Amino acid sequence: MTFREFILSPGDSRWAIVIRLMLAGVFVTEGYLKLSDPAWLGAGRFAKIGIPWPDVTGPLVGWTEVVCGILMAIGLFNRIAAIPLIVVMAVAIVSTKIPVLFGRDWWVFSVRKLERYGFFSMTHEARLDYAMLLGALFMLLSGAGRWSLDEKLFGARNSRRNADS
């Protein structure tokens with residue numbers, strides 16, 4: 001299988017739709033909130049935690065979450081859409097959870113006020129981030145599944161190629 005065939009392959013899972021809808025539900029709503037209320041969750045929050053160029057990165061992350069979340073929901077270019085979502089979640093963990101682990105500002109990122117800090121506080125604060133990161137990683141590795149636009153558009157084509165081989 002070539003890289004192109006892999007990226008466009010929907011995979012075989014019938015139940016990937018459950019993970020796709022979970023990811024879409026969170027990413028689309030969080031992206032929308034970053035765009036609709038930038039002072040709360042977008043550029044304003046990014047500035048508070050030390051994300052560089054918050055006026056650019058806030059809307060960029062918001063639009064990335066909305067667009068890639070919609071692609072996840074419908075299962076179109078699913079593996080491609082998973083890549084920026086993985087990056088978003090990795091940055092979220094590094095920028096907001098590592099300072100909680102250390103209990104102080106770390107690198108350019110600011111720690112927020114919590115009752116406690118350390119490993120268990122960090123893991124508690126990061127539970128959704130881990131779920132979203134692993135869900136997006138699952139989508140990258142498994143594909144959108146049988147109930148997806150990827151299946152409708154690319155599934156039959158890939159099946160014919162594999163049968164001809």
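**View 1. Trp107 in the loop between α5 and α6.** This close-up of the predicted model shows Trp107, which sits in the loop that links α5 to α6 (119–125). Its phi is positive, about 55 degrees, although Trp107 is not a glycine. For context, most residues other than glycine have a negative phi. Is Trp107 buried or exposed? Trp107 counts as exposed because its relative accessibility is 68%, and the cut-off for exposed is over 50%.

**View 2. Phe77 in the loop between α4 and α5.** Here's another positive phi in a residue other than glycine: Phe77 comes in near 50 degrees. Phe77 belongs to the loop between α4 (54–74) and α5 (78–102). With a relative accessible area of 33%, Phe77 is partly exposed.

**View 3. A nonpolar patch on the surface.** Four residues make up this one: Ile70, Ile74, Leu149 and Leu153, with about 320 Å² of accessible area together. Which elements give two or more residues to the patch? They are α4 and α8 (149–164). Take Leu149 as an example: it lies in helix α8, and its 35% relative accessibility makes Leu149 partly exposed.

**View 4. Helix α2 and its buried side.** Helix α2 covers residues 16–36, which is 21 residues. From first C-alpha to last, α2 reaches 30 Å, close to the 30 Å expected at 1.5 Å a residue. Its buried residues are Ala16, Arg20, Leu23, Ala24, Phe27, Gly31 and Lys34. Why do they end up on the same side of α2? Because they cover an arc of only 110 degrees around the axis. The general rule behind such spacing is that an α-helix has 3.6 residues a turn, so residues three or four places apart point the same way.

**View 5. What lies on either side of α2.** The buried residues of α2 pack against α3 (43–49), α4, α5 and α7 (127–142). On the face turned away from that buried side, you'll find the exposed residues Val18 and Tyr32.

**View 6. Stepping back to the chain.** The C-alpha trace spans about 60 × 30 × 25 Å along its principal axes. Of the 165 residues, 41% count as buried. If you look at contacts with a separation of 6 or more, 70% of them come from residues 24 or more positions apart. The accessible surface of the chain comes to about 9500 Å², and carbon and sulfur atoms account for 68% of that surface.

Note on methods. Residues are numbered from 1 along each chain as its sequence is written. This is a predicted model: local features need pLDDT of at least 70, side-chain atom pairs count only at pLDDT 80 or more; totals for chains, interfaces and linings use all residues. Side-chain values use heavy atoms; hydrogens and water are left out. Helices (H or I, at least four residues) and strands (E, at least two) are DSSP runs, numbered from the N terminus. Buried means under 20% relative accessible area, exposed over 50%, partly exposed in between (1.4 Å probe, protein chains only). Patches are made of residues with over 30% relative accessible area and no salt bridge: like charges are joined within 9 Å, nonpolar side chains (Val, Leu, Ile, Met, Phe, Trp, Tyr) within 5 Å. Accessible areas come from the Shrake-Rupley method with a 1.4 Å probe; for residues, only the protein chains shown count as cover. A salt bridge is a side-chain nitrogen of Lys or Arg within 4 Å of a carboxyl oxygen of Asp or Glu. The expected span of a helix is 1.5 Å times one less than its number of residues. The arc is that of the directions from the helix axis to the C-beta atoms. Contact means heavy atoms within 4.5 Å.
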